[in-house]
Amino acid sequence: MLCRNKKINKEKERSKALDATLKNEKKKLDRVQQILLLGTGEAGKTTIIKQMKIIHINGFSEEEKKEKIPNIKQNVHESIYTLLYNMNKINPPTTLESKNCGLGEYILRLGEATPQEFTDEYYSAVKVLWSDSGIKETFKRSNEFQLIDSAAHFLDRIDALSNPNYIPTVQDMLYCRTMTVAISKIEFTIPYKGQMIDFWMYDVGGQRGERKKWISVFEGIGAILFLIAASDFDQTLREDGVTNRLKEGFKVFTDIFWSRFVRNAGKIVFLNKQDILKRKIESGKRLEIYFPEYENYDKMETNPYHRAKNFMRHTILEIASSKKPESVEFMPDVDITQNVKSELLFVHFTIATDTSNVKLVFNDIKDIIIAINLGNSGLI
Ligand SMILES: Nc1nc2c(ncn2[C@@H]2O[C@H](COP(=O)(O)OP(=O)(O)O)[C@@H](O)[C@H]2O)c(=O)[nH]1
Ligand SMILES: [Mg+2]
């Protein structure tokens, strides 16, 4: 516990220092394209930052990859523990094949915290359990509890991870989930029309408790990249286990879109996790259960996945063209709403874990960001 507090304090200090640096460097900002990543927890913000490092900087060194091994192991344990723990919590409950009950009890006995040591016995138990029909059934119903998105990726790779010489692949680095609590920044340079343009991209925590910090980074921001996990439509928030995650994503976007602090910023929405959305819709999950208005949306579209993703884009455009809200959630007592130029809004469908997809989309939006920035500074 002590260590944890220390870590948070350290991160607070770093966040404060970054704030101070920002103020000092204010003069330089006009020439830099600043992008702020926003969105609810687990929408994919930190994954986009990792992609910028892969695409525009130098990717991950062997050292950086090795440093992530404890986090990856944590993802493995959290995944298998959560699946087992929830088998008799969901209604109707699921059960392990009787031959695997002992292995299930062994993992549950280790507790929620990541074990100190990952033994051969541990790895083989996880491997057997991951192929158990009861666990498979529980995994299919993982929208009924809180399971990290990287669960299937790492549980499928248990053989590779158990090798003592294991070095994470780039894909492992992209899937590794760690919660962001401070504000961090990545800088990169892109050639544009014969000159080099500097970009600063900021990553923030997305959980409810983290959003108060967002306002401290608004000043001078040229573009907001707002991430919504489109696949979240049948899941509830990790923070309360009740609120629909996608509805929360739309609600927070509404607050940001209408905030006067980002009046002149370009607003780009990534409807992310399209791979998971497609899989869910094609496996028969029904959007109308959570969004009744979907029932009557574009009945002419015969491809169910296209219909679902278009509905989400439609919802975003509706938010941007309807009346401004009374107040916004992260500043409840202040009227910070305003009239927004909706021509500054762009919507993309993305898969943040897919480097070639992010490369294409980013190439598209960088021109928009530069154009908006030049427009704001009166240069065009
Ligand atoms: N399959 C899939 N997983 C994604 C995608 N985007 C993010 N993830 C995973 O979702 C989890 C949460 O992403 P993260 O970037 O940490 O979200 P943040 O809380 O917004 O920073 C990570 O395990 C990512 O690897 C996506 O488009 N598809
Ligand atoms: Mg994050």
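I call a residue buried if 20 or more other C-beta atoms lie within 10 Å of its own, exposed if 12 or fewer do, and partly exposed in between, with C-beta atoms placed from the backbone. The model is predicted, and I keep in mind that local features need pLDDT of at least 70, that side-chain atom pairs count only at pLDDT 80 or more, and that totals for chains, interfaces and linings use all residues. Residues are numbered from 1 along each chain as its sequence is written, while chains are lettered from A and ligands numbered from 1 in the order in which they are written.

**Entry: annotated positions**

I looked up the UniProt annotation "binding site", which comes from an unreviewed entry and covers T46 and T180; such annotations may be inferred rather than shown by experiment. The two are spread over 135 residues of sequence, yet they cluster in space, with a largest C-alpha distance of 7.6 Å.

I find T46 in helix α2, where helices are DSSP runs of H or I with at least four residues and strands are E runs of at least two, numbered from the N terminus. T46 is buried because 23 other C-beta atoms lie within 10 Å. T180, in the loop between α10 and β2 (184-192), is partly exposed, with 18 such atoms within 10 Å.

Taking contact to mean C-beta atoms, placed from the backbone, within 7 Å, and not counting residues up to four places away in sequence, I see T46 touching T180 and D203, and T180 touching T46, D203, V204 and G205.

**Entry: ligand 1**

I counted a residue as near the ligand if its C-beta atom, placed from the backbone, lies within 6 Å of it. Of the 24 residues around ligand 1, G44, K45, T46, T47 and A352 come nearest. The elements giving two or more residues to this shell are α2 (45-56), α10 (170-175) and α12 (274-282), and α2 gives the largest share, three residues. Domain 1 (29-60 + 180-373) and domain 2 (69-167) both contribute to the shell, so ligand 1 lies between them; the domain bounds come from an automatic or database assignment.

**Entry: helix α7**

I then noted that the buried residues of α7 (residues 133-140) are G134, I135 and T138. Seen down the axis of α7, they fall within an arc of 100 degrees, so they line one face of the helix; the arc is that of the directions from the helix axis to the C-beta atoms. On the other side, S133, K136 and K140 are exposed. The cover over the buried residues includes α4 (69-86) and α6 (120-130).

Terms used: Two residues are in contact if their C-beta atoms, placed from the backbone, lie within 7 Å.
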